[in-house]
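Please consider the model displayed below.

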Amino acid sequence: MGYFSRLIVDAAYFISTSDAYQRKKRFFYNVLENNRYSHKKYFDIFMMTLILLSVAILIAEVKHEVPLNIIFFNTYVISIIFFIEYILRLWISSSVSETLINKSENDIMLGREFSLLRAFFKVFKIKLHYMLSFRAMIDLLAILPFFHELRLLRIFVLFRVFKLFRYTTSFQIFVSVLSTKKFEFIILLMFASIVIFVSSILVYIMEANNPTSPVNTLFDALYWAIVTISTVGYGDVTAVTTQGRVVAMFVIVAGISVLAFTTSIVVSALSEKLDEIREMKTIEDIRKLKQFYIICGYENVAEAVAKKLKNSTKNIIVLDEDERRIEHAKRDGLVALNYDPGSVESYKKIGIDLSAQVKSVLCLRESDVENVYTTLTVRSINKEVNIVSLLMDDTNRNKLNFAGVNEILYPKGLVGMIAKELIGRPVAFEVIHALRNDYYGVNVEEIFIDERVSQNSIYVGKLGCARFRVVLLGIYKKEKKRFFFNPLDDMLLESGDYLLVVGNVVFIKDFDKYLHKKSVV
Amino acid sequence: MKKKVVLIFGYNDYALEIAKNIRDTYENILIYSLNEEFDRAKNKTDFEVRGFDLSDRWDDIAEYVDFKNSIAFCVLEDSAQNIFLTISLRSLFSDLNIIALSNNKDTANKLQMAGANKVIPLVQTTAEIISEMMEKPIVKEVFHTILFEGGALKITQIEMNGTNPYLGHEIFELDWNIKYGIIPLSVIQEDEKNEFIYASKIKHNRVKEGDIFIIVGYERDIQEFEKVLGRRDDVNWRNWSR
């Protein structure tokens, strides 16, 4: 390898391993191409605004005098922004350094002499492939109004409208739906082309020599054929001879068929893909959520849990491989996907970050086999996420623990414990049950003491519980992992503490607000 | 002689869990298995297992059970059979305390209509605990310890005696948390309705002899409190719906 080639390859290795460079490239990729990136929408809105402004200026220019600075903005500023965007897209479309490295490594492995020229030719081919793509062509045409002096090029402003499609996902979905019927559309197009071709020639032959006929040229005949087959029929060019009218009759019938077929193809494509489109939309919405619970399996307990958690600030996503149960979940107003919670593929499709977005995975199938399987699947993807599972048979407890469940709930054991309480302290049990369920408007709540509140050095005695008619049941000190029941007045509240407060729901809310608002005690 | 007995109808995991949990409290525990399952069930557990069917032949039970002080758990897995069993027991033994297990809200209503004193709504309770685990983990932990685990913190029922110094005091003025280290949660007064201390409609009610307070506190504080103000009333079925 020559000195210069080695220098270039070394530079490629340097760029490819440079964190700063990769971070920048990833940032531009996220802004331009990654629909999951939360800030991309702002960029899209900005670009769409520029496009609409550009078109509005073009329209205004037709009959009005537009100030020079606006024309300057339209011609240069917007065009330069589009040009920068085009260059950035070209940059992120593929990695030059990686192509060079791959080429050099391949050549070394195969014992060939590394040719810098061939490597750059490969890079050029890859970039050219991108530049010739439909989207890139539209981007390029949208920059052309920069050459404002060439009046014809001004019309290219309209290509900017096509750029709008880049920023609207619904249009992209529509195009992808229609592309599933590509074969049908090609057949239809061929049929329409043959009809137009044959009829225009026939009409030309039959009408061109008739002095009263408006069809004088082959272009007139072609225009007439297209206007007729599309069933628009302007009436400016018509067939006047009997033979020409016979042809017109055939073309009209063919036109109706073409229109009917086109409509039916579009409708069938949409109806076939409707569920998929809805699913895509649901997944897109899920990806935007900050924190949610995943309920795996929608049976009786899951349904009741979902009802309870619905009031929570966090969302609930239901996964179940059974279509009937998913329909049930949807009827209950939940976000539900007909995905197998025991399949890694399901989580890949949803594309969520289990650590950051999922508060807990609830394995609520009424089958230990299914719950163990789902737990193992989730654990294989993420070691940290909290997993809670139902246990149906106590002999399977170890299996669930081994699979990686954090918390297990055994309903049959619960019945035993409840039975014991019911025969010993029935009223006490009822009281706790009522507190848990917010009966009579009285509830028990956890109030978190954050750093801001703790900075005020609040002592229990100065909390003012009596004023808000709430009772402080105790304080949970997270650091010590200990619950202090009925704490003494001189206990200091620290950051990370939780107050357990009993009282009317409204009073507790007031108390919470007061605690977080008050500046100094 | 008639005995205080716990009758558990249905031989299944629920029955065994109930039996395991109450064996320290009740000496006589009988598990009744439906005849068709009896042969499989009889030698599999330490508890006494007897067979039964859903006809009205309950003469042997009537002979030795003190119904007023006994409890029947109806935990058959088939909801229809469980309801039928509850209604059969109620129609014959009006004094028997019946606790029945239900899997859904519909069954719970029917069991109550059939005469169960108390229904354990299994699905709802499980869901309650799971959602509490998620949303209020500390509340769940504290309540679980108070209710189900033998920790130092207890919840209990205290009946006010005629000599206690708080008679005539307004309920919201009570300072038991400062003086005795216990927190009252709710009270049952003459009308026998359970009301939370914090409910506005009872805050001006006065403490009367015979009121039952549900209090939370450490065992030693509760004992002190008991000495001064009242006596522990461990079993109280009065406010149970029928």
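The account below treats domains, a sheet, nonpolar cores and salt bridges in turn.

This is a predicted model, in which local features need pLDDT of at least 70 and side-chain atom pairs count only at pLDDT 80 or more, while totals for chains, interfaces and linings use all residues. Residues are numbered from 1 along each chain as its sequence is written, chains are lettered from A and ligands numbered from 1 in the order in which they are written, and side-chain values use heavy atoms, with hydrogens and water left out.

Chain A is divided into domain 1 (3-167), domain 2 (182-274), domain 3 (290-413) and domain 4 (434-517), with bounds from an automatic or database domain assignment. Between the C-alpha centres of domain 1 and domain 2 of chain A the distance is 41 Å.

Chain A contains an open sheet of 6 strands with parallel pairing, in the order S3-S2-S1-S4-S5-S6. Strands are DSSP runs (E, at least two residues), as are helices (H or I, at least four), numbered from the N terminus; two strands pair if DSSP finds at least two bridges between them. Strands S3 (335-337) and S6 (407-409) of chain A each have a single partner strand, so one side of each is left without a neighbour in the sheet. From one strand to the next, the twist averages 20°. Strand S1 (residues 292-296) of chain A is joined to the parallel strand S4 (residues 358-363) of chain A by 5 bridges, and A:Tyr293 has A:Ser360 as its bridge partner in S4(A). Helix H6 (residues 122-135) of chain B packs on this sheet, touching S1, S4, strand S5 (386-390) and S6 of chain A; contact means heavy atoms within 4.5 Å.

The largest nonpolar core has 82 residues, of which B:Ile8 and B:Phe73 touch the most other members. Such a core is a set of buried Ala, Val, Leu, Ile, Met, Phe, Trp, Tyr and Cys residues joined through side-chain atoms within 4.5 Å. Buried means under 20% relative accessible area, exposed over 50%, and partly exposed in between (1.4 Å probe, protein chains only). Leaving aside neighbours within four places in sequence, the contacts of B:Phe73 include A:Ala419, A:Ile423 and B:Ile99.

Over all chains, 27 salt bridges are found, each a side-chain nitrogen of Lys or Arg within 4 Å of a carboxyl oxygen of Asp or Glu. A:Arg89 pairs with A:Asp139, with the closest N and O atoms 4.0 Å apart. A:Arg89 is buried at 2% relative accessibility, and A:Asp139 is buried at 2%. A:Glu33, A:Glu85, A:Arg89 and A:Asp139 are linked in a network of salt bridges.

Note on methods. Axes are lines fitted to C-alpha atoms, for helices over the stretch in contact, and angles run from 0 to 180 degrees between N-to-C directions.
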